Structures are given as C-alpha cells and as structure tokens.
Amino acid sequence: MNATMITKTTSVNRRRLRNLLNKSDNRICADCGAPDPKWASSNIGVFICLKCCGVHRSLGTHISKVLSVTLDEWSNEQIEAMSEVGGNSAANAIYEAYIPEGFSKPGPDAGIEERKRFIRSKYELQEFMKSSLRISTGKSSPSFKSVFSSKFMDSFRIRPTDDEDGMVEFIGLLKVTVVKGTNLAIRDMMTSDPYVVLTLGQQTIQTAVIPSNLNPVWDEDLMLSVPNNYGPLKLEVYDHDMFSADDIMGEAQIDIQPLISAAMAYGDPEMFGNMQIGKWLKSDDNALIEDSIINIIDGKVKQDVQLKLQNVECGELHLEVEWLPLDQ
C-alpha cells in the first residue's frame with residue numbers, strides 16, 4: 001500500500017516537473033542560455049544546463065541545491081518551491097536586476113572560469129540583485145520563495161529609482177503570446193519549420209519549432225523582464241535546419257512604450273471595467289498591419305499586435321502583449 005502511494009506521488013511530481021520544464025523560459029539555461037537544460041537548483045528555482053550545474057555544485061548546498069530533472073527524486077515541497085518562483089525569467093528578474101551596462105552573460109560555449117565568475121557573482125555574492133533583496137548565505141540555504149513572497153514584492157511596490165549608476169533595474173514583465181503566423185516564407189523545398197525569437201535588451205527567448213507549416217499556430221506564452229531604460233521588442237522568425245544554420249524568415253520591432261505608458265497612467269487596471277486606454281498607430285516607420293489597440297480586459301492591460309514581417313518576401317505574425325507590473 002505504502003509503496004503504491006509513493007509511486008503515485010512520484011509520478012505526479014514528475015508530471016509537474018515536466019510541465020515546468022516545458023515552459024518557454026525554462027527551455028534554456030538560466031545562466032548561459034544553453035538549450036534543453038536537464039538540471040535545476042531547487043532552492044533558487046531555476047533550470048540549468050550540465051556545465052552550469054557543475055559550478056552550482058561547487059558553491060555548496062548552502063547556496064544552491066542541485067537536482068537532476070530526470071534522475072533524482074523530487075519532494076512535493078521542492079516542486080512547490082519551483083512552481084512559486086515562476087520560472088527562469090522570474091528568477092532572473094531578481095538575481096539579474098542590476099546587470100552592469102556593457103556586461104555580457106556567459107553563452108552556451110563559455111569556458112569554466114567565465115561561468116564560475118558569473119554564477120558566483122549572481123548567486124553567492126548577489127552582486128546583481130537590488131541591495132534590499134540581498135539575503136544571508138550562511139549555514140542555511142537562501143530561500144528564493146521567501147524573497148519572492150515578501151522582500152521582493154515589498155521592494156517593488158514603489159516606483160524604482162536609478163540609485164546605482166551603471167546598473168539596470170527592471171520595472172515590470174511582458175507576457176508575449178505568439179499566436180500564429182500567416183503565409184510565411186518558404187525556406188525548404190516546399191515549406192518551412194518556423195520558430196519565433198524575441199529579444200529585449202540582453203534577454204532572448206524563443207518559441208517551439210513547428211515543422212512543415214507556413215501558417216503555424218503557436219499560442220505560446222513568452223515572458224521577458226522590462227528594464228528601466230527599455231528599447232523596442234525585437235522579433236525574428238527563423239526556419240529550423242538540422243544540418244545547416246537556420247534561415248531568417250523575416251523580422252519586425254514592437255514599440256512597447258505606448259503599452260507601458262498607458263498602463264502606468266491608469267495604475268491598477270482592476271479598478272476599471274473593460275475599456276480602450278491607448279493605441280500604437282500604424283505608420284510607414286513600423287511593421288503594423290493596422291493600428292494596435294491597448295485595452296483593459298478583465299483587469300489586465302493587453303495589446304493586440306498584427307505585424308507584416310520585414311526584409312522578407314511575405315509573412316505576417318499575430319501576437320498579444322500583456323503588461324505585468326512587478327507587484328503582481
């Protein structure tokens with residue numbers, strides 16, 4: 001009886017863990033961006049690759065408790081802690097809140113010393129965190145859950161200030177739903193295997209690849225942190241190739257300033273009914289197919305965006321963008 005219950009619990013945990021890992025921001029390593037991470041720091045709440053996993057282990061379990069997604073047993077508490085953090089993007093919004101300008105994160109091919117310097121600075125020394133969020137890493141492990149639920153939320157209930165020169169502070173999150181593509185360009189014999197890449201500042205995140213489809217439907221949510229000095233959200237569509245470099249299938253930029261300005265002007269959207277609060281106007285200088293309307297819908301600030309891909313023979317993309325202030 002007990003053995004049956006243990007197996008059932010483990011099976012549920014495995015499924016919950018897989019669901020977490022399948023989130024778009026968790027499909028790349030939180031520290032270097034390598035694809036398909038199979039390790040995690042259960043107390044910090046991030047998914048990491050094998051190379052970064054080795055560095056995490058070297059920090060000691062009082063800093064990072066490393067578990068294999070596929071080989072180790074996970075407790076309900078560990079799964080719950082990972083869920084409450086919300087994924088790599090949410091974690092990085094804390095641990096990378098103040099990345100120095102001109103500073104580059106290590107890439108997937110970075111050497112061990114570069115990884116060590118960055119990961120130690122990020123988690124052990126907490127050099128990139130807002131100073132009021134830094135926590136002691138003495139005998140017990142730092143609890144990301146406690147930071148996320150109390151110190152983190154309290155810290156961002158007021159508008160951030162640029163009190164640390166040369167550092168980047170995040171002011172909110174963008175939830176970008178990549179809905180679908182229409183009449184995309186052919187890059188293989190008769191079709192393409194498209195996926196979408198979004199870039200904001202130093203952050204890059206991508207959708208899943210949809211094989212052999214020129215009218216793909218993703219309906220996939222991607223999360224990006226918005227820095228205080230934000231620029232446009234850059235979008236690129238690629239054709240995935242197994243044996244050569246992926247081919248570009250068009251690009252576009254999204255001006256997120258109208259969305260953020262409208263959201264901040266109205267404050268708490270839950271105080272209002274459904275209504276239009278702003279608009280990003282179609283012009284010769286942008287890729288809009290039609291004016292992009294910004295609405296409050298069910299207490300959320302959302303924007304519908306229809307884009308004609310640039311620098312390509314054909315293709316359109318439909319996205320929905322939602323603004324999430326950090327205190328949510």
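How many bridges join β10 to β11, and in which sense do the two strands run? Five bridges join them, and the strands run antiparallel; two strands are taken as paired if DSSP finds at least two bridges between them, while strands (E, at least two residues) and helices (H or I, at least four residues) are DSSP runs numbered from the N terminus.

The model is predicted, so local features need pLDDT of at least 70 and side-chain atom pairs count only at pLDDT 80 or more, whereas totals for chains, interfaces and linings use all residues. Residues are numbered from 1 along each chain as its sequence is written, and side-chain values use heavy atoms, with hydrogens and water left out.

On the predictor's confidence in each residue, pLDDT, which runs from 0 to 100, the protein has a mean of 83, and 84% of its residues reach 70 or more. The value stays under 50 over residues 1–9, for which the model has one contact (heavy atoms within 4.5 Å) beyond four places in sequence, and also over residues 136–166, for which there are 67 such contacts.

Strand β11 also pairs with β12, in the antiparallel sense and over four bridges, and these two strands form a hairpin with two residues between them, where D298 in the turn has a positive phi of about 55 degrees. Some bridge partners are listed here.

| Residue | Bridge partner | Strand of the partner |
|---|---|---|
| Q276 | N295 | β11 (292–297) |
| I294 | Q303 | β12 (300–308) |
| A40 | L67 | β3 (66–68) |

A three-stranded open sheet has the order β2-β1-β3 with antiparallel pairing. Because β2 (46–48) and β3 stand at its edges with a single partner strand each, one side of each is left without a neighbour in the sheet. Neighbouring strands here are turned by 35 degrees against each other on average, direction ignored, with angles taken between axes fitted to C-alpha atoms, on a scale from 0 to 180 degrees.

Helix α7 (residues 257–266) has the buried residues P258, L259, I260, A262 and A263, which pack against strands including β10 and β11. Just after α7, G267 takes a positive phi of about 70 degrees.

T207, in the loop between β6 and β7, is buried, with a relative accessible area of 2%.

Conventions. Buried means under 20% relative accessible area, exposed over 50%, partly exposed in between (1.4 Å probe, protein chains only).
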